Amino acid sequence: MTEALSLMSLKPGDEGVVLGFVKGGDIEYRRRLMAMGLVPGTRFTVTRLAPLGDPIQLKVRDSALTLRKDEAHQLRIGRATDA
C-alpha cells in the first residue's frame, strides 16, 4: 500500500499519484479537482513550486494545473513508482 503524503512534500520533477481526498474537506472544491482530472489513480508531475511553496504547478495528462496550498491539502497523494 502506498503511504499518503502531502503534495507539498514533492519537489519539481517528482511524480505522484492521486490516492483520494481528505475526509471532511470542501465537497464543492473536491468536485472541481475531479473535473480538472485529479481523480484517484491519476499520475501527475510537479513542474514548478513557488519559493514559499504556494502555488504549486502540476502537469496532469498534458495539461498544466496550478493549486494553492489550501487546495493542495484536499488531496491524498502518493509517490508514483514504475513498479
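This is a predicted model: local features need pLDDT of at least 70, side-chain atom pairs count only at pLDDT 80 or more; totals for chains, interfaces and linings use all residues.
1. Residues are numbered from 1 along each chain as its sequence is written, and side-chain values use heavy atoms, with hydrogens and water left out.

2. Ala-4 touches Leu-19, Arg-76 and Ile-77, leaving aside residues up to four places away in sequence (contact means heavy atoms within 4.5 Å). Ala-4 and Leu-19 lie 15 residues apart in sequence, yet 7.4 Å apart in space, C-alpha to C-alpha.

3. Now the sheet. It is open, with five strands in the order E4-E3-E2-E1-E5 and antiparallel pairing (two strands pair if DSSP finds at least two bridges between them). E4 (63-67) and E5 (75-79) are the edge strands, each pairing on one side only. From one strand to the next, the twist averages 40° (axes are lines fitted to C-alpha atoms, for helices over the stretch in contact, and angles run from 0 to 180 degrees between N-to-C directions). Helix H1 (residues 27-35) packs on the sheet, touching E1 (15-21), E4 and E5, and its direction makes about 140° with that of E1.

4. On to the hairpins. E2 (residues 43-49) and E3 (residues 56-60) run antiparallel and are joined by four bridges, with Thr-45 opposite Lys-59 in E3. Six residues lie between these strands, and Gly-53 in the turn has a positive phi of about 80°. E3 and E4 pair antiparallel over five bridges; Leu-58 has Leu-65 in E4 as its bridge partner. Two residues separate the strands of that hairpin, where Arg-61 takes a positive phi near 50°.

5. What about the inside? The largest nonpolar core has 17 residues, and Leu-7, Leu-33, Leu-38, Phe-44, Leu-58, Leu-67 and Leu-75 touch the most other members (such a core is a set of buried Ala, Val, Leu, Ile, Met, Phe, Trp, Tyr and Cys residues joined through side-chain atoms within 4.5 Å). E1, H1, E2, E3, E4 and E5 are the elements that give two or more residues to this core. The largest share, three residues, comes from E3, a strand with four of its five residues buried. Beyond four places in sequence, Leu-7 touches Phe-44, Ile-56, Leu-58, Leu-67, Ala-72, Leu-75 and Ile-77.

6. Last, the record: an unreviewed UniProt entry annotates residues 5-79 as "domain: Ferrous iron transporter FeoA-like". Over residues 5-79 the chain is 17% helix and 39% strand, and the end C-alpha atoms are 8 Å apart.

Key
UniProt positions are given in the numbering used here, feature names are shortened, and annotations may be inferred rather than shown by experiment. Buried means under 20% relative accessible area, exposed over 50%, partly exposed in between (1.4 Å probe, protein chains only).
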